[in-house]
Amino acid sequence: MASLPMRGLHNYIVEIRRAPNKQSVRARIQKELAHIRDKFSAKRISRYDMRKYVCKLMYTYLLGEDIDLGHIQITNLMASTEFADKQIGYLACELLFEGRSDLVLLVTEQMRADIMSDDELFQSLALSAAGTIGDETTADVLTPVLCDLLLKKKSLPDMVVKKISLCLLRFFQINNTFFDLDAFGERFPFLISRASPSGLMGLISLLTTIAADDPTMFEHLVIDVIGVLSDVLDKKLSSSYIYHRVPAPWLQYVCLRFLSLYTTFEDSAVKGHVERILTTILATHTDLAEKNKNTSYGIIFSAINIVINLAKYDVSRNLQNQSITLLSKYLRAKASNLRMMGIKGLRLFVRECNVHSEVEASFDDLFELLHGDDPVLVKSAVGLIYEATTSRNVTKSISVLHKFILEEDCSTAIKKDIAFKLTAMAETHVPPLVYLDTIFDLITHKKIGDLLPESVYHRLIVIVSNTPALQTRILTYCVKLLQRPELNEMSLKLSSFVIGEFGDETVSASSVLESFEKQLTTTLSDSTIVSVLISLAKMLTWSHDNISDRVTKKIAEYLDHPSINVQQTANEVHVVLTKAPELIGVLFDSIPELDMSLLELEKSEVAVTERDMEKQCMSIIKKGEGSLYNNKNIGVEAKVMFSGTECRLALTIMNLSAVDLTDFEAGFSSNDSVTLRFYNTPETSITVGESIQVLIVGSVKSVITKAPMLGIRYVVDGEAAFETIMLPVLMTPFIAPSTLKESTFEVAFPQANLRSEQQYTCTETQFEDWKKIVTDDWQIISGADKGDMDLKMGAIVSFDGRSAGVLAKAMFADDKLIFEVKSRDEIALQVVNCLHF
């Protein structure tokens, strides 16, 4: 039966292995391929030589070489009536034809003929090749043949049943249109009753895959699968199927996978059988698992997953408690795999079955696991503690985790994870005062504070702003905090916000200012510097100390800071302090209290203000695209493009609701500055999960002082809904009107996204001379400057036969002229730079 050893193949492999370098290997391969090509071109070649040379091609392919010959010879070997020929032919087909649909077409008919034959060996070879290749070509040709064999033929060898099942499983995942599910449901009881353990593995694996989409069609087979499990657990199989004292472990696993598709059973008898089987499995495999039998781990965890699925509906309380007790026991096991399985199983129970009190009994074991050497195990234990914590045990959980996070052997990654979970537990389960103390300690700790994400700081700020009772307490904390010689950045940001926002006459502003000045001498991030500068300005709204000059001087030090954000903040604050000090109380007043808690704020739909919509439009225009509008029913994505005075908008409107949106209509609000129209007629309905495209074109006639609005009407779940959406055409090219008012300038200047800023030293006289020159080209906006030390200007710049609008601000301060120009047109900006700088 088996072919004799091939001496030529052996010698070829030895020579390749003994080659001294890659060049020698390459040369030997090319020599052999040339030799094989000559042999295949000969008129006659023996079967032995054909097998030998095909084997050489397979070995060469495994070395990484592309094989472009021998395809006909492989096909001839597959068509032979000798097993030795077919064996080599099918092996080469699996290896060399996979992923080559053009070559697979050459052999599909031969596969079909061998599968239909009565020779078990030929059938097995063909089925192995078909399952290995498993592409659309083989699936389309062979699926009907395999279904007929499995469903209609009275008897098939066990090995053939197994291979047909596994082939069909592969083909079902590619194309399931040829599968008659009703016929499979009727035939499976007979097949299961006749199959051997190896055949059952293939059949039940196929059954699980087919039943995944609609388990109710195959619920009548649950009792058959339970019968298989019962036979396995009662050790009715031959000893050849026992692996490490576990009877047919892989068969048990595939049976449990099928049962996991069901969350409830209408037949009480079936439910009773399932519960008895699960109880037996948990009891049988417990001792084996504790003896480090890996074969038992998957079986136990699969059984526990079924218990969790059923626990949502109708599993017995005893079985649930048995599973939890077993998993809790595994937390104390020596094997890491068992401890991990215990943690994962308990986490699933907590998430799905709300058994916090039962898991709470295992907290001491979980706390012990924190000191283990396996970081994955430690992180998983922290996750279980976090999920199982309730208001009853939160104090103990926070205390243990807080102590653990300060230990030297706790890694940075674990510290970050624990720190965030501590803040979440405190926010969810403890009173506000305890929450404040807990989070404040974390933020201000020198080893932990910098590990916390920014979201922790923002959450604390929101909650404190929403809870007046906490504001005095945290203000006291922050004033004392500033007396420390060293602070982490998050502590400094928190202190600056709290003192600026909630400070009062009880706070010594001079002392606080001195502390801030010291902190500003250290290396800080841009966002922290900005926070401190704003806090200094806010202090002037409540301080009775004479610190105005000191604050102004400190802020002036950052007017030329390398960071644009710091520089911009410093300039804005400095202008207010020096030019309009009476506006400090208005511009830096306290933020209004929030009227909902943080968790409610996250879950609620916050009303979108016109200012919010304007910011969103600005962002989209700068980036060219982005999210324009979202609520529970619709989401709107926008792309925008400008060309001269023309604008084009492409809106994608998505249905985010659970029902179809019907009677969809859209229209524009009237606007004298821009003319808009629909390029295409919007569709009248949007199905669930789908979207429609709306194209809008427009023409800008003058400065857009008020953004156009898109009105949308639709019906959702029988009720009419209306949405008003601001369109991102604010930043269209500036076109100077005949008269330019200051209010028009304040609207138009922030809308231009191209910016040029120049600074140079000059005297006040030089500044006055410069003003006289530019007034010939620019339209000065009267009443915009105070003391004639700054200017706001607009102009039309002509170039290349076309014109574009530009706006400018000029400010003279500290012997420096700061001239800032904005425009939508880059060339216009360059022209202005050439003319005036």
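L577 is part of helix α30, which spans residues 564-579; helices here are DSSP runs of H or I with at least four residues, strands are runs of E with at least two, and both are numbered from the N terminus. Because its relative accessibility is 9%, L577 counts as buried (under 20% relative accessible area, with exposed over 50% and partly exposed in between, for a 1.4 Å probe and protein chains only). Between the C-alpha atoms of L577 and S548, which are 29 residues apart along the chain, the separation is 8.3 Å.

The model is predicted, with local features requiring pLDDT of at least 70 and side-chain atom pairs pLDDT 80 or more, while totals for chains, interfaces and linings use all residues. Residues are numbered from 1 along each chain as its sequence is written, and side-chain values use heavy atoms, without hydrogens and water.

Helices α10 (residues 181-194) and α11 (residues 197-211) pack with their axes 11 Å apart, at an angle of about 155° (axes are lines fitted to C-alpha atoms over the stretch in contact, and angles run from 0 to 180 degrees between N-to-C directions). The two are therefore roughly antiparallel, a term for angles over 145 degrees. L181, F184, F188, L191 and I192 of α10 meet L200, L203, L206, L207 and I210 of α11, where contact means heavy atoms within 4.5 Å.

In the protein chain there are 36 helices and 15 strands. Of its 837 residues, 50% are buried. Among contacts between residues at least 6 apart in sequence, 66% join residues at least 24 apart.

Key: Angles under 35 degrees count as roughly parallel, over 145 as roughly antiparallel, 65 to 115 as roughly perpendicular and the rest as oblique.
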